[in-house]
Amino acid sequence: MMPNTEQPFRLNWASFAGERRADSGSDPSIFVGDLAADVTDAMLQETFAGKYPSVKGAKVVIDSNTGRSKGYGFVRFGDENEKTRALIEMNGAYCSSRPMRIGAATPKKPSPYQQQFSSQGMERCY
């Protein structure tokens, strides 16, 4: 929680446009939807880590304006087979008070600024 407020804060790694952290760039991930408002990163991770030992992390997506959950998140795995099993086995399983909706995670498309930044950087390398 932030001092003197009712709002939690989140500390994340900083990166430059187009850059990905090496430790999470290629981990297989799943999308988790229909999350209850009280679900935290830790709750989501514990829900999956109990059944899938390769779970590396979980993230509930937070609205930057309100500080509240958007009702969905992502779980990262170290093993592709466990990710595939979780897609099937965890659909409809409960996390907190609601059944989860599980789906394939699709990579985020870079913004036009990131594409421009990346292509400019490439041109300088030639």
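User: Is Phe9 buried or exposed?

Analyst: First, a caution: this is a predicted model. Now the reading. Exposed means a relative accessible area over 50%. Phe9 has 53%, so Phe9 is exposed. In the chain, Phe9 lies in the segment before β1 (29-33).

User: Which residues form a nonpolar patch on the surface with Phe9?

Analyst: For a patch, nonpolar side chains are joined within 5 Å. Here the patch consists of Met2, Phe9 and Leu11. Together they have about 350 Å² of accessible area.

User: Now the sheet. In what order do the strands come?

Analyst: Two strands count as paired if there are at least two bridges between them. Follow those pairings across. The order is β2-β3-β1-β6, in an open sheet of 4 strands with antiparallel pairing. The edge strands are β2 (55-62) and β6 (101-104), each of which pairs on one side only. On average, neighbouring strands of this sheet are turned by 25° against each other, direction ignored.

User: How many bridges join β2 and β3?

Analyst: The antiparallel pair β2 and β3 has 6 bridges. Within β3, Arg76 stands opposite Gly57. The two strands also form a hairpin, with 6 residues between them. Look in the turn for Gly67, with its positive phi of about 75°.

User: How many aromatic pairs does the model have, by ring centres?

Analyst: Rings pair if their centres lie within 6.5 Å. That rule gives 6 aromatic pairs. Take Phe31 and Phe74: their ring centres are 5.8 Å apart. Planes over 60 degrees apart count as edge-to-face. The planes of Phe31 and Phe74 stand at 70°, so this pair is edge-to-face. The pair links distant parts of the chain, with Phe31 in strand β1 and Phe74 in strand β3 (residues 69-77), 43 residues apart.

User: Which residues do ring pairs link into a cluster?

Analyst: The cluster is Phe31, Tyr72 and Phe74.

User: Why does Phe74 count as partly exposed?

Analyst: Buried means under 20% relative accessible area, and partly exposed lies between that and the exposed class. Phe74 has 30% relative accessibility, so Phe74 counts as partly exposed. Phe31 has a relative accessible area of 18%, so Phe31 is buried.

Methods
Residues are numbered from 1 along each chain as its sequence is written. This is a predicted model: local features need pLDDT of at least 70, side-chain atom pairs count only at pLDDT 80 or more; totals for chains, interfaces and linings use all residues. Side-chain values use heavy atoms; hydrogens and water are left out. Patches are made of residues with over 30% relative accessible area and no salt bridge: like charges are joined within 9 Å, nonpolar side chains (Val, Leu, Ile, Met, Phe, Trp, Tyr) within 5 Å. Accessible areas come from the Shrake-Rupley method with a 1.4 Å probe; for residues, only the protein chains shown count as cover. A salt bridge is a side-chain nitrogen of Lys or Arg within 4 Å of a carboxyl oxygen of Asp or Glu. Buried means under 20% relative accessible area, exposed over 50%, partly exposed in between (1.4 Å probe, protein chains only). Rings of Phe, Tyr and Trp (its six-membered ring) pair if their centres lie within 6.5 Å; planes under 30 degrees apart count as stacked, over 60 as edge-to-face and the rest as tilted. Axes are lines fitted to C-alpha atoms, for helices over the stretch in contact, and angles run from 0 to 180 degrees between N-to-C directions.
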